[in-house]
Amino acid sequence: MNSPKFTPEPASNDPVERDFSVGDVPGLRAPAAGTDRAPLVFDVIIAGCGPTGAMLAAELRLHGVRVLVLEKETEPVSFVRVVGLHIRSIELMAMRGLLDRILEHGRRRPAGGFFAAINKPVPKNLDSAHAYLLGIPQPVIVELLEGHAIALGAQVRRGCAVVDFAQDEEGVTVESADGERLRSRYLVGCDGGRSTVRKLLGVGFPGEPSRTETLMGEMEVGAPPEEIAAKVAEIGETEKRFWLRPFGGGAYSVVVPVAGGAGGAEVGERAEPPTLEDFKEQLRAIAGTDFGVHSPRWLSRFGDATRLAERYRDGRVLLAGDSAHIHPPTGGQGLNLGVQDAFNLGWKLAAQIRGWAPETLLDTYQAERRPVAEEVLDNTRAQMELHSTEPGAQAVRRLLTELMDFDEVNRHLIEKITAIGIRYDFGAGPDLLGRRLRDIDVKQGRLYDLLRRGRGLLLDRTEHLTVGGWSDRVDHLADPTAALDVPCVLLRPDGHVAWIGDDQQDLDDHLSRWFGRPAD
Ligand SMILES: Cc1cc2nc3c(=O)[nH]c(=O)nc-3n(C[C@H](O)[C@H](O)[C@H](O)COP(=O)(O)OP(=O)(O)OC[C@H]3O[C@@H](n4cnc5c(N)ncnc54)[C@H](O)[C@@H]3O)c2cc1C
């Protein structure tokens, strides 16, 4: 393989803080035999160019970090797993100037009806300027994010799997399948549920194996629409993992449970896709007819394994997306969760590499994101129970369906699925502290447009505060809007509220906490 070629880019060789030593990290492996401690050509190598890896690469590039993405597959996968982007992910796209492009490729749909597929209207006044679901296939999301990362200067090598690595006190030596060794300061495993990086790191992945198997695909049908609708309605009374829905262009989206379950297959663990014959067999088993399905566009299968990595970081190696957590796809949260991991990690890892990160900043990635994943795992476990055909589970489902007529219950569940209810624990303070701020009009335009460069932002109505020595990392917006009902808000680059107040000393303390020492 050729040596990597780089277009000129900002220098990012500031000294990296020595934040750990080999002796401090249990299980840290010695450098691979033959490692010559070649120069650190890259700051970060990312294993995997799925949605998580592509988003992370783009976020790092915003800060001039030298990024190489190694992707096992030569071409992006073509099957359409994902229902779409939920509100928080749509907001992230708006915060990076990607929303118009994403909207061109997706269809807006109501944000409700995703918790265990219980169909309820969206509560009024959801706290977002982007309160809808954006139906967009996963391959399109990956293509857009990969293109965005490349446009920002990330290098992506396809057909190049990570097979081994070793870390030392200065960096990581990463070995690809063709035997090439590459050096970087950090390695991030965004390599999916069967993550090679996680396994090599020896990080445990406890949880439950799959108990069910479901086929999912897109195909044409021979049966008349009325016949299909009647059967789906009849079976759907009790079996929530079964549907045939018109998808546009004459195709149907087909989901059908496999009789007898999965026998322990993990999500994504069974690499080989099902055949059209498998679909016909399972459709006949549940509906007594295969609806004359033919001409498949893509066919896939999934299980309900639920697992969470014991830790997200080990020295210079981190995990994000499915490599850190897997769960059943009910509610359509996995891709969203991974992209949001990347958004949380990107600016922190960049700060570490640029040399201004406070000592504990990088560890806040796990402290903030692992509890969010735990929560998602739990809500998918709950949803899977509500999909069960057992009489007890069906009774609980009927009860929850009634309870969701209360606006507060419905709102609570939608805020979970769409991730706009997340509040990171930044210590005691007003309810807004730790939450993300919705996109609002400010005198200078839209708030999210002002976050595009991935910097911090002080929204200041006091006329006396300043960002002082942090102005190279934090923008200051004076007198932004009357809509803000607090004197001043400090936003992190991911749009979460890091401080609220009006006292300069208190602000300086919080600027130090999140953005390190001020420049001289
Ligand atoms: C049927 C189904 C439906 C789903 N529906 C939804 C939905 O509606 N909404 C939602 O949010 N999520 C959904 N998901 C989940 C979603 O698809 C995943 O959560 C998402 O793909 C995770 O993204 P990722 O980038 O972390 O991992 P992946 O998408 O798995 O990407 C990992 C990448 O790493 C590459 N790779 C693997 N090993 C290596 C290696 N050793 N070296 C280099 N590269 C490697 C892979 O080729 C791949 O490109 C669904 C999943 C399934 C199975």
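Close-up 1. Helix α7 (residues 276–287) lies across β11, β12, β13 (251–257) and β14, and runs at about 65° to β13. Helices (H or I, at least four residues) and strands (E, at least two) are DSSP runs numbered from the N terminus. Axes are lines fitted to C-alpha atoms, for helices over the stretch in contact, and angles run from 0 to 180 degrees between N-to-C directions. Contact means heavy atoms within 4.5 Å. The model is predicted: local features need pLDDT of at least 70 and side-chain atom pairs count only at pLDDT 80 or more, while totals for chains, interfaces and linings use all residues. Residues are numbered from 1 along each chain as its sequence is written, and side-chain values use heavy atoms, with hydrogens and water left out.

**Close-up 2. The open sheet β12-β13-β11-β14.** Four strands form this sheet in the order given, and the pairing is antiparallel. Two strands pair if DSSP finds at least two bridges between them. β12 (243–248) and β14 (294–303) stand at the edges with a single partner strand each, so one side of each has no neighbour in the sheet. From one strand to the next, the twist averages 20°.

**Close-up 3. Pairing of β11 with β14.** Strand β11 (residues 213–220) and β14 pair in the antiparallel sense over seven bridges. Glutamate 220 has histidine 294 in β14 as its bridge partner.

**Close-up 4. The contact of helices α2 and α8.** The axes of α2 (residues 87–95) and α8 (residues 334–354) come within 9 Å and cross at roughly 40°. That angle makes α2 oblique to α8; angles under 35 degrees count as roughly parallel, over 145 as roughly antiparallel, 65 to 115 as roughly perpendicular and the rest as oblique. The crossing of α2 and α8 is left-handed, that is, the near helix is turned anticlockwise from the far one by less than a right angle. Arg88, Ser89, Leu92, Met93 and Met95 in α2 meet Asn336, Val339, Gln340 and Phe343 in α8. The residues of this contact divide into five nonpolar, three polar and one charged. Ala, Val, Leu, Ile, Met, Phe, Trp, Tyr, Cys and Pro count as nonpolar, Asp, Glu, Lys and Arg as charged, and the others, Gly among them, as polar.

**Close-up 5. The open sheet β22-β21-β23-β24.** This sheet has four strands in the order given, with mixed pairing. β22 (474–478) and β24 (497–500) are the edge strands, and each pairs on one side only. Neighbouring strands are turned by 15° against each other on average, direction ignored. Strand β23 (residues 488–491) and β24 pair in the antiparallel sense over three bridges. Valine 489 stands opposite isoleucine 500 in β24.
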